[in-house]
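Here is a friendly briefing on one protein chain, arranged by topic. Please take a look at the model below before reading on.

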Amino acid sequence: MLLPRADSPPNPFRTTLCVLAAIAVAGLALGWNKGELPRHEPAVPAAVAPMSADRETSPDLQLYRAIIADVRNGRDYYDSAEEHIPRFGFPIGSPLNWRLPTYAWLLSCLPNKCWIQAVLLLLGIASLGLAFAAERIRHGSGPAALTTLLLLGVFRWALDGEAYLAQEVWAGILLVISVSAHALGATSPRWRILAAAAGILALTFRELALPYCLVAGGLALWHRRWFEAALWSKGLALFTALLVWHVLEVQERVGVQSASGTGLAQWLRCGGLDFVLLTVRMNGLLFAAPAAVLWLYLVTSLFGLAQRHDETSRLCCLSALWYLVAFAFLGRPENFYWGLVYAPLLPWGIWPALSVLVAREGCAPKKQLAPGGFEPSRS
């Protein structure tokens, strides 16, 4: 039996595991009783809050429903929004308080709200199917089932009351499609076209998808996939044009707002770990979970994504980190439904983390074989 030499190098896996354990313990201590749901009314995220049969639809969803109905009847989106936003109790002074018109334009093309939910459900089922197929190719059926199960936390909001009217739900499901297609791009470059199209469409639904799109476009450019990089660039240019036009339309109605606290500053709250854990709840499977579970899920996912060397894992990891840093500074407690935009990224890291933590190969260095495939003799 060989004993380890005194001057043998430290096991990098054990070092990583010790660092991860320290981070987890520190996070559990700092996050104790953090990330609690807001206790004032409404006590759940206004845009995608769980609805019960005897509870009124939240003001956000009533607003979206009224605007979609107006646009369906031929009314201009901005005229309708100018009337309904203050009517439902929301500030109107800054263009940031007005949602992009994409949702109203597209959803008003459907005959009624049943059609809207049906289309979203079909889109969600397709996204889960793509995710399962992508993960099955990369890791096998078992890991694919686990990842798809965790992604059900995004899909569940399409089944919850009238949450299908919220733009975050559409953006979240579109990002599931984008990440899945990006992973399938390793088998055929044509999937990357779908990844870019779904990502840009999510961005036009909700501008919070911008970090994901920038990272995806940057990775395509870094790897010199010029056609894919051009797709992302053109999509981002289209979004920029839409955003500029949107701001001009709003300013034409409300004027240039100069009062403090009406622009981006109204969301600058520096919520730190508290707000970050709140956003993690937007995986519906974790909505009622204690803070310790939220933190362990977050750390485990980021560890798994960082361990993988494929481009899709890098995309999810870099995008998720961008969101986490941003949400440490931006966002009021009632805005934690923003977390639905990055909820599609974290499930992809859970299986890689578990496989590393339980694999025997991670606990001891592999044996080195001689050129002929034989184990070298030991004296």
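Of the 379 residues of the protein chain, 48% count as buried, where buried means under 20% relative accessible area, exposed over 50% and partly exposed in between (1.4 Å probe, protein chains only). This is a predicted model, in which local features need pLDDT of at least 70, side-chain atom pairs count only at pLDDT 80 or more, and totals for chains, interfaces and linings use all residues. Residues are numbered from 1 along each chain as its sequence is written, and side-chain values use heavy atoms, with hydrogens and water left out.

**Fold and surface**

- The protein chain has 14 helices and zero strands; helices (H or I, at least four residues) and strands (E, at least two) are DSSP runs, numbered from the N terminus.
- Among contacts (heavy atoms within 4.5 Å) between residues at least 6 apart in sequence, 74% join residues at least 24 apart.

**Aromatic pairs**

- The whole structure holds 16 aromatic pairs; rings of Phe, Tyr and Trp (its six-membered ring) pair if their centres lie within 6.5 Å, and planes under 30 degrees apart count as stacked, over 60 as edge-to-face and the rest as tilted.
- Tyr64 and Tyr103 form an edge-to-face pair, because their ring centres are 5.5 Å apart and their planes stand at 70 degrees.
- Tyr64 lies in helix α2 (residues 59–72) and Tyr103 in helix α4 (residues 102–107), so this pair ties together parts that are 39 residues apart in sequence.
- Tyr64 is buried at 3% relative accessibility, and Tyr103 is buried with a relative accessible area of 1%.
- Another pair, Tyr323 with Tyr342, is stacked, at 5.8 Å centre to centre with 15 degrees between the planes.
- Here Tyr323 sits in helix α13 (residues 311–327) and Tyr342 in the loop between α13 and α14 (350–358), 19 residues apart; both tyrosines are buried.
- A cluster of ring pairs links Tyr64, Tyr77, Tyr78, Trp98, Tyr103, Trp105 and Trp245.

**A charge over a ring**

- Arg156 lies over the face of Trp157, 4.5 Å from the ring centre; a charge sits over a ring if NZ of Lys or CZ of Arg is within 6 Å of the ring centre and within 35 degrees of the ring normal.

**Pocket and cavity**

- On a 1 Å grid over the protein atoms alone, a cavity is a set of points where a 1.4 Å probe fits but cannot get out, while a pocket is an open set with protein on both sides within 12 Å along at least five of seven lines; lining residues have an atom within 4 Å of a point.
- The largest pocket has a volume of about 1,100 Å³, taken as the space filled by probe spheres set on the points, with grid points joined across faces, edges and corners.
- Its lining counts 42 residues, and Leu96, Arg206, Glu207, Trp267 and Trp338 lie nearest the centre of the pocket.
- Helix α2 gives the most to this lining, with five residues.
- One cavity of 30 Å³ or more turns up in the whole structure, and Tyr342 is among the residues lining the largest cavity, including Thr279, Asn283 and Tyr297.

**A backbone detail**

- Arg224, in the loop between α9 and α10, has a phi near 60 degrees, a positive value in a residue other than glycine.
- Arg224 counts as exposed, at 62% relative accessibility.
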